[in-house]
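Colleague: I am new to reading protein models. Could you walk me through this one?

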Amino acid sequence: MMKLAIVVGHNASKQGAVRKATGESEFSWNGRLAQHIATLAPQYGIVVATFRRVVGGGLQAELARVYRMTDDWGADATIELHFNGAESDAASGSEILSSGTTLSLRLAGFIQREFVDLLGLRDRGVKTVRGKDRGSASLISGKAPAVLGEPFFGSSPIGQAATDTEEEMIALAHAYLLGAAAYFDTLPRQDLTQSRTMRAVSRQRGGQVTAASSLVGVVVLEAVNETQGALELVPMMGPFADALPYISAGLSVVALAATFYIAMQSAVIKAAREDDHTRGLR
């Protein structure tokens with residue numbers, strides 16, 4: 001399972017922008033959102049851990065510490081949760097920040113699509129930030145591809161209206177996970193245990209063993225059946241001889257079923273091989 005690190009933006013001392021209608025800060029609101037993401041993540045086959053900046057040493061030191069924690073955890077990707085704020089109530093829309101690397105841009109694109117589809121706000125797009133741009137330090141402090149989400153403006157009546165209920169927060173949590181899942185689905189599998197081809201071959205081999213064992217059993221029983229007279233001379237084997245035809249018939253049915261299963265698995269292996277090739281697992 002892929003590991004997604006969720007970093008709650010800002011800290012307990014400087015909590016970021018606020019939702020004008022309620023006065024709730026980014027740090028508080030996104031902390032609740034992070035809990036929903038973690039709860040829902042297993043539905044998407046994703047493992048989530050939540051990380052928060054610890055106050056002390058300034059912004060750069062705080063970011064270095066929290067992203068070192070995501071690295072130590074082994075994150076495959078990180079998402080930092082934020083929302084926007086502006087002086088004007090007219091500022092509105094959804095956007096997401098990327099470091100500009102191929103994988104960061106890919107992850108950002110999938111999540112931005114979910115933002116726009118869910119919230120119906122203006123599509124402000126994926127924005128690449130570098131150097132001293134706002135948010136850039138978050139995107140380059142860890143090893144994993146990282147993005148910084150700004151799905152709405154807390155200063156905007158429209159943005160608040162799209163996210164002001166618990167149900168809407170849960171829907172946004174799904175949006176983040178849908179985007180992350182789509183991104184993870186584009187990556188090559190990390191090892192052969194994730195290969196559909198390997199799993200299909202393993203199942204086919206099981207069918208082959210079953211078929212071969214059953215056929216050998218049929219042959220042996222037929223040979224024994226030819227010597228029932230000799231068999232009856234062995235103490236305790238006489239009654240067993242009467243059951244030989246039924247056992248032989250049963251094994252024949254098992255062998256036939258296993259042969260049919262092997263044929264079906266051949267088609268499955270073909271499809272799996274194509275899938276593995278498309279996803280980059282050779």
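Colleague: What share of the residues in the protein chain is buried?

Modeller: Keep in mind that this is a predicted model. The protein chain holds 9 helices and 6 strands. A residue counts as buried when its relative accessible area is under 20%. Among the 282 residues of the chain, the buried share is 43%.

Colleague: Which strands stand at the edges of the sheet?

Modeller: The open sheet has 6 strands with mixed pairing, in the order E2-E1-E3-E6-E4-E5. A strand at the edge has a single partner, so one of its sides is left without a neighbour in the sheet. That is the case for strands E2 (46-52) and E5 (123-128).

Colleague: In what sense do E3 and E6 pair, and which residue in E6 does Ile 79 stand opposite?

Modeller: Strand E3 covers residues 77-81 and strand E6 covers residues 146-150. They pair over 4 bridges, in the parallel sense. In this pair, Ile 79 stands opposite Val 147.

Colleague: Which strands does helix H3 touch?

Modeller: Helix H3, residues 102-119, packs on the sheet, and its direction makes about 170 degrees with that of E4. Its buried residues include Leu 107, Phe 110, Ile 111 and Phe 115. These buried residues pack against helix H6 (166-185) as well as against strands. The strands that H3 touches are E3, E4, E5 and E6.

Colleague: How far apart are the end C-alpha atoms of H3, and what span should we expect?

Modeller: We can check this together. The helix has 18 residues, and at 1.5 Å a residue it should span 26 Å. The distance between its end C-alpha atoms agrees with that, at 26 Å.

Colleague: Is Ser 155 buried or exposed?

Modeller: Ser 155 sits in the loop between E6 and helix H5 (157-161). Its relative accessibility is 4%, and the cut-off for buried is under 20%. Ser 155 therefore counts as buried.

Colleague: Which backbone nitrogen does the side chain of Ser 155 reach?

Modeller: Leaving aside neighbours within four places in sequence, Ser 155 is in contact with several residues, including Val 18, Lys 20, Asn 84 and Gln 160. Its side chain reaches a backbone nitrogen at 3.0 Å, that of Ala 86.

Methods
Residues numbered from 1 in each chain as written. Predicted model: local features only at pLDDT ≥ 70, side-chain atom pairs only at ≥ 80, totals over all residues. Heavy atoms only, no water. Pairing = 2+ DSSP bridges. Helix = DSSP H or I, 4+ residues; strand = E, 2+ residues; numbered from the N terminus. Contact = heavy atoms within 4.5 Å. Axes fitted to C-alpha atoms, helices over the stretch in contact; angles between N-to-C directions. Buried < 20%, exposed > 50% of the residue type's maximum accessible area, 1.4 Å probe, protein only. Polar contact = N/O pair within 3.5 Å; in protein donor to acceptor, adjacent residues only side chain to side chain. Expected span 1.5 Å × (residues − 1).
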